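Please keep the sequence and the model in view while reading.

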Amino acid sequence: EAVVCCAYRDSVPDTVDALLSSTSDHVNTAVFYTIWSYRAGAGRRLIRAAREWIEGERSNIKNFVTLSPPTEMARLFHLRNGASVFRVNLDSVNYLYP
């Protein structure tokens, strides 16, 4: 019902290039950068389930953020799901999940 892509990084990326660049072995940040839902509410459930899985499997991950497009749809999705704006970049927005 939904798909999410996640990258593990040692910092919060502000561009797609930064997201895709290599990282150190000391990752502490999970970056959700694609979420696609085929049914209402499925994206919300998937984000929560992904976070729970990551917390259980990767104890080194302490930060949960996004690299999202600067659209109203993305803003509403993340804010409704408990995230806050971490940083506004030139072509993206990072939302921070508590």
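The text below takes the pockets, then a surface patch, then the salt bridges.

The model is a predicted one, in which local features need pLDDT of at least 70 and side-chain atom pairs count only at pLDDT 80 or more, whereas totals for chains, interfaces and linings use all residues. Residues are numbered from 1 along each chain as its sequence is written, and side-chain values use heavy atoms, with hydrogens and water left out.

**Pockets**

A pocket here is an open set of points on a 1 Å grid over the protein atoms alone, where a 1.4 Å probe fits, with protein on both sides within 12 Å along at least five of seven lines, and its lining residues have an atom within 4 Å of a point. The largest pocket has a volume of about 400 Å³, a volume being the space filled by probe spheres set on the points, which are joined across faces, edges and corners. Of its 21 lining residues, I35, W36, M73, A74 and F77 are the closest to the centre. Two or more lining residues come from each of β2 (29–37), α2 (42–57) and α3 (72–80), and β2 gives the most, with six residues. Helices (H or I, at least four residues) and strands (E, at least two) are DSSP runs, numbered from the N terminus.

The second largest pocket, of about 160 Å³, has N89 among its lining residues. N89 lies in the loop between β4 (84–88) and β5 (93–97) and is buried at 14% relative accessibility, where buried means under 20% relative accessible area, exposed over 50%, and partly exposed in between (1.4 Å probe, protein chains only).

**Surface and salt bridges**

W36, in strand β2, is exposed, with a relative accessible area of 51%.

There are four salt bridges, each defined as a side-chain nitrogen of Lys or Arg within 4 Å of a carboxyl oxygen of Asp or Glu.

Because R39 lies in the loop between β2 and α2 and E1 in the segment before β1 (2–9), their pair ties together parts that are 38 residues apart in sequence. E1, R39 and R45 are linked in a network of salt bridges; R39 is exposed at 53% and E1 at 52%, while R45 is partly exposed at 46%. E72 and R75, by contrast, both lie in helix α3, three residues apart, about one turn of the helix.
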